[in-house]
Amino acid sequence: MHQRYRLLRLLADGRFHSGEGLGTALGIGRSAVWKLVRSLEGLGVDVFAVAGKGYRLAHPLDLLDRERILSAVDGSTRKLVSGVEVLPSIDSTNRFLMERIDRGLPPGSACLAEHQQAGRGRRGRAWISPFGANIYLSVSWRFDTSPDSLGGAGLAAGVAVARALHAVGITGFGLKWPNDVLWEGRKLAGILLEMKGESTGPYDVVVGIGLNVRMPPGAQASIDQPWVDIASIAGGPQDRNRIAGLLLKNLVQGLADFSGNGLEPFLAEWSRLDLVQGRAVSLSTGLGPVSGTAMGLDRDGALLLRVDGETRRYVSGEVSLRL
Ligand code: BTN
């Protein structure tokens, strides 16, 4: 990755660069440059090659920068962050942190990557993670409470993502229980919680957020669900480092608040953003699908469904709207 990352830094401005100039900067020959450029396709980066002009990216890249990310995190929240790692490419930022928990990773550690080779989605799905385009952020946190209430941490994280999006100026999106951020029925962001711990606690949780900022055309065909990105909603490119910083800040603040006060401080906001409340839905559960009317959440964040005249409570499952 090292040479490819260096090449991407050189090409990031979106201008033409000659094969010869790139070769000199990287200390390799022109045919090696050509091979390296071809290999960028595997990262989901679109590159043009034009005879006589050289190589150019389809879009300039706004590469992640640790200091610019941290500048969006205010002093009191920064104290809750024990470290921020920005990686060019990793299989999964969630996996990266989960693996380090047993080796003494301090709670409050954050990891962002430009690219994920095997990004993880909920329910065993893949999260398509092309280079330099979107945000892939994971944060580790330690809780003393039992795992039953940790579903609430995912709901708090959803509100945290919503607060960050509002701070960026994005509106018109909502939350679909438990962890989806949707804009006009299309997925804008997803949240994946993974957990480690003994039955007596404490529990280490890694909260991973994937936020679509500008999905490159080359990656779009691989996505198997309706999606949207910030660039299309906002009508142009956005400052990815600022968005990442605001996400980090709101997520860490949200997790700290949830640790101390539970779900209570998040429920009213969640309810305002709830996309399915009052609507006919189908919930896929381990025991098969259940159809009913979504009635919002209870105090613990369980989904309430009105089914055959009675209100039932569910702590897991996948909601789809019945049309
Ligand atoms: C979903 O399926 O909706 C959840 C998607 C979560 C994706 C993020 S990207 C950063 C972190 N690392 C991963 O491997 N997954 C999460």
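Which residue lies over the face of Phe96? In this predicted model, that residue is Arg100, placed at 3.7 Å from the ring centre.

The domain assignment of the protein gives three entries: domain 1 covers 2-57, domain 2 covers 66-272 and domain 3 covers 276-321. The centres of domain 1 and domain 3 are separated by 51 Å, taken over C-alpha atoms.

Aromatic pairs number 2 in the structure. One joins Tyr5 and Phe131. Their ring centres are 6.2 Å apart, the planes stand at 65 degrees, and the arrangement is edge-to-face. Tyr5 belongs to helix H1 (residues 2-11). Phe131 sits in the loop between strand S4 (109-113) and strand S5 (135-143). The pair therefore ties together parts that are 126 residues apart in sequence. Tyr5 and Phe131 are buried.

Phe143 and Phe258 form another pair. Here the ring centres lie 5.7 Å apart. The planes meet at 80 degrees, so this pair is edge-to-face. Phe143 is found in strand S5, and Phe258 in helix H10 (residues 240-261). Parts that are 115 residues apart in sequence are thus tied together by the pair. Both Phe143 and Phe258 are buried.

Helix H10 also meets helix H11 (residues 264-273). The two axes come within 8 Å and cross at roughly 120 degrees. H10 and H11 are therefore oblique to each other. On the H10 side, the contact is made by Gly254, Asp257, Phe258 and Asn261. On the H11 side, Glu264, Pro265 and Phe266 take part.

Backbone geometry comes next. Most residues other than glycine have a negative phi, and most peptide bonds are trans. The peptide bond from Trp177 to Pro178 is cis, with omega near -5 degrees. Pro178 is located in the loop between strand S6 (173-176) and strand S7 (180-183).

Glu184 is not a glycine, yet its phi is positive, at about 45 degrees. The residue lies in the loop between S7 and strand S8 (186-197). Is Glu184 buried or exposed? Glu184 is exposed, because its relative accessible area is 60% and the cut-off for that class is over 50%.

Asp308 likewise has a positive phi, near 50 degrees, and is a residue other than glycine. Its place is the loop between strand S12 (303-307) and strand S13 (310-314). Asp308 is exposed, with a relative accessible area of 76%.

Asn212 lies in a loop as well, between strand S9 (203-211) and helix H8 (217-220). Asn212 is buried, with a relative accessible area of 3%. Which residues does Asn212 touch, not counting those up to four places away in sequence? Its contacts are Trp127, Asn134, Lys187, Leu188, Trp227, Val228, Asp229 and Ile230. Between Asn212 and Pro178 there are 34 residues of separation in sequence and 18 Å in space, C-alpha to C-alpha.

How values were computed:
Residues are numbered from 1 along each chain as its sequence is written. This is a predicted model: local features need pLDDT of at least 70, side-chain atom pairs count only at pLDDT 80 or more; totals for chains, interfaces and linings use all residues. Side-chain values use heavy atoms; hydrogens and water are left out. Domain bounds come from an automatic or database domain assignment. Rings of Phe, Tyr and Trp (its six-membered ring) pair if their centres lie within 6.5 Å; planes under 30 degrees apart count as stacked, over 60 as edge-to-face and the rest as tilted. Helices (H or I, at least four residues) and strands (E, at least two) are DSSP runs, numbered from the N terminus. Buried means under 20% relative accessible area, exposed over 50%, partly exposed in between (1.4 Å probe, protein chains only). A charge sits over a ring if NZ of Lys or CZ of Arg is within 6 Å of the ring centre and within 35 degrees of the ring normal. Axes are lines fitted to C-alpha atoms, for helices over the stretch in contact, and angles run from 0 to 180 degrees between N-to-C directions. Angles under 35 degrees count as roughly parallel, over 145 as roughly antiparallel, 65 to 115 as roughly perpendicular and the rest as oblique. Contact means heavy atoms within 4.5 Å.
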